[in-house]
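Please look over the notes below alongside the model. They cover how the chains meet, and then one residue.

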Amino acid sequence: MKSSRTLGLVMIAPAAIMIVLFFLMPVVLTAVFSMTNMTTATGISGGVYQIAPNSLIALKSAMPDIAAEMAEPRYTIDDAGLKAVEGLGLAPGIAAELRAKHTGEVFPTRRDVERMIKDLAERPSTREVKQISEQFNRSVLNTRFDSKEQLFSALDSLGFKLTPEQKETVARVTYTGWTWTTDNFSRMATSPDMARVLFNTVLYVALVLMLFNVGYALLLAILTHYMPPTPASIFRGIWLLPRITPVVIYVMLWKWLAWDSGFISILMGKFGYPPKNYLLDNAYNAWLFVVLINGFIGASMGMLVFSSAMKAIPKSQFYASEVDGASRWQQIRYIILPQMRWPILFVTCYQTLSLLASFNEILLATNGGPGNATEVWALSAYHTALRNYAGNLEYGLGAAMALVLVVIGVMLSLLYLRVFSYGTLVAKPLIED
Amino acid sequence: MAERSQPSANYRNWPVITALTIVSLPLLLMYLYLFLDTVTVKQADALLPSGLTINHWRFLWQTTEGKANIWQVTVNTLLFAACTTSLVLIVSSMAGYVLSRLNVPARGFFLAGVMVLHAFPSVTLIIAIFIVLQMIGLYNSLLGVILVKAAIDLPLGIWLMKGFYDTVPWEIEMAGVVDGASRFRVWRSLVLPQVKPGIMALGLFSFLSGWGEFILPQVLAPGNQVQVLSVYLAGFLADDNNYDFNMFKAVGVFYLVPVLIAYALFNKYLMNIYGGGSKG
C-alpha cells in the first residue's frame, strides 16, 4: 500500500534532515576546508589584496626587480595631488603649469620629480619643492584593494609595466584571504611532528585497547563471573562509575590523585619524597596516567559485553567439565575463551574507533604534554584548528587532519560491517503492506 | 549476578576479592575523597580530615568574580541535556520504527550509513561547525550545540530503537491494521508502549551523555550566558591563580550527584545499552 511508504518517508524525514545538516554537511565541509589554507590570519570569509612587507618578501624570489620598485614610493602627477598643491597657497602658476604640462606623468624617484618641479616657470624655492613633491607621493605599500581590478589599475596608474602573468603573480602573493591548496596534505606527509603524533596515536590505541578495553575487561568479567552475586555486582558497579561520571569530574579526580598537592604527593611525602606533579613530570608518567585514565573508562564496556556473553554460556558445560575434574583455569581456557571470540572481536573493533576519535580525557588531563609526549591525532587536530598557543588557528590543516580520521573511520567500519555480516542486520522488514 | 556456575570447593573467593579490591583502590579512593573533601577541613599535608565545614559549598550562594552564576549554569546544563534527550528520543523512535518495519526506498543504504556515521570522530564535526557558525555569525548559542549534540547521538539512537522494535511481535500491528487503524496510529498507541524499556534506556543514556558533554559546549558555546557545568568546571581547573581544590570538588559533587541518582534509579534500563543493546 502506498500510505505505508509515505508514512515511512514522513517519519524518517526528521532524522534524515538532522543527519544531513549537522552530520553529513560538516563532514563534507571538512573535506572542503581541508583543501584550503584557511587560518585566523586569512580569515574565513574572502580577503583583500594588500602589498604588505611580507608579500614583497614573497615576491622577491619570483621578481626581484619589481619587488624592489614596489617597496619605494612613486610620484604621479594626478588630480588629487594637483588639488592639494592648489590648496598649499603657493603661486597659482605652479599648479596650473603642472596640470597643463605634466598631468599623468610618473616619476620613479623623488630626485626625478623634484628636478622637474625646479624646472617649472615659477621656480619654486627648495622648501616649496619638497612641499609640492610630497603631494604626489603615491605608494602601493600597505594600501588595501578589494578586487584584482582595483589592484591592477592602481599598478598601471603608477607606471608599473607588468605582463599579465606578472600581474597574476602579484595578485597571488598580495592576496590576504584563503586560497585553494593541497599543501595541508603534503605537510602532513612530510612533517616529523605529524609522524610523532601518528606514533603516539598508534601506541595509545594499542596500549589502552589491549591492556584495558579487552584484557582487563575480560579479566574483570571472568573474575566476577565466578564470584557470589553481591560482591560481583559491587565490583561491576565500581567499574561503571568512570563511564557515567562526566569527563571533567573524572579527570579532575585523577589530577587530585597525581598533582603536586595531590594524594600521591602527600602519601609519598610521609616517606620523605618531595612533592611533585606525577602527572606531568616526565613523559613516561604522563603516558602511564593517560593509559590508566582512558583504560578505566574503557574497561566498563568490555566488562558488560563479556559478562552478558558469559551468562549466555549454558551452565551444563561448566557442570560437565567439573565432573570431569577440570580446574577453573581449564574451564576458562577451554570453555569461556573459545566462546568469547565474537564479543572480543566486537569490542576490539568498536573500541578502536572510539579510541581513535577520543581526545577529551587527554585534553583535560595532560593537554598533550609534557612537550608533545601525549599528543594524539584527534587532539592534535583540535589544537591545530581550534586552540593553539601561537594564536593563529590553522583551520585548513586541522580539517585535513580530521579528514584523515574520517577516512580511517569509514574504512574500518566498512570492514567491520563485512566481518559482522551486514546482510543479517538489514534483513527485509516484517510487514511491508 | 550469575548464580554460582560451579559448586566446587577447590578455590576460595577471598583471594580474588582482595586482589580486585586492590586494583579498584584508586577508583574507590578518588570517589571517597571526592565526597569527603567537600565537607571537611584538611591540613595541607594531611591524609585525614581534621574538621567539618560547609565553606566549600559557598559557590551555591555567592558568585565568584568573573564567573557565571552557578544556578544559571545549572539551568543551562539541564536545558541542554533535556532538549538533546527529547530530540534524540522523538527523532530516533520514529526513524527506528521506519527502519524496522516500513519499506522505504534506500532502506539498506540508510542503515549502513547510520552505522558508518557512528564511527565518525566528533573532532571533524566540531572544526567544520565552528567555522560555519563563525561564518554565519551564530556562534555562542545553546540551540546550535543542542542540535549538533543530538545529531551526534542520533546514529546510536536509531540503531538501538530499531533493535528494540525488531523484538516486538508483529501480530500486534497486524491486529491493529486489521481493526482499521492507520499505521501511524498503530505505531503511536500499540507499538510505542511495547518499546518502553528501549525508550527509557536511550533517554537515560542521552541524558547522561548530554549532562556530561564537554567539548561541544566548550568550543561552540563558551560564553558565560550559555555556559554549562562541564565548561564552568573546566574553567575552574584552568584558573591557576586562585584555585581552591576543595571548592572545585564541591562543584564536582554538585554536578555528579544528579548522575548518580539517575543511574541508581534506572540502571537496569541503561544496562540494555551498555550490555549488548548497541550491537543493533
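1. In this predicted model, chain B and chain A share 3 residue pairs in polar contact, counting pairs with both residues at pLDDT 80 or more. The number of salt bridges between chain B and chain A is 0.

2. On the side of chain B that touches chain A, the largest share comes from helix α1 (residues 14–39) of chain B, with 15 residues. Sorted by class, that side of chain B consists of 80 nonpolar, 17 polar and 11 charged residues.

3. How many residues of each chain take part? The contact involves 108 residues of chain B and 108 residues of chain A. Between them the two chains bury about 10300 Å², and 78% of this area lies on carbon and sulfur atoms.

4. Is B:L233 buried or exposed? Its relative accessibility is 0%, and the cut-off for buried is under 20%, so B:L233 counts as buried.

5. Which residues does B:L233 touch, its neighbours within four places in sequence left aside? From chain A, the contacts are A:V248 and A:I249. From chain B, they are B:F248, B:V251, B:G252 and B:Y255. B:L233 therefore has contacts in both chains, at a buried position.

6. B:L233 and B:L190 are 43 residues apart along the chain, and 44 Å separates their C-alpha atoms.

Definitions and conventions: Residues numbered from 1 in each chain as written. Chains lettered and ligands numbered in written order. Predicted model: local features only at pLDDT ≥ 70, side-chain atom pairs only at ≥ 80, totals over all residues. Heavy atoms only, no water. Contact = heavy atoms within 4.5 Å. Buried area = accessible area lost by both parts, 1.4 Å probe. Salt bridge = Lys/Arg side-chain N within 4 Å of Asp/Glu carboxyl O. Polar contact = N/O pair within 3.5 Å; in protein donor to acceptor, adjacent residues only side chain to side chain. Helix = DSSP H or I, 4+ residues; strand = E, 2+ residues; numbered from the N terminus. Nonpolar A, V, L, I, M, F, W, Y, C, P; charged D, E, K, R; others polar. Buried < 20%, exposed > 50% of the residue type's maximum accessible area, 1.4 Å probe, protein only.
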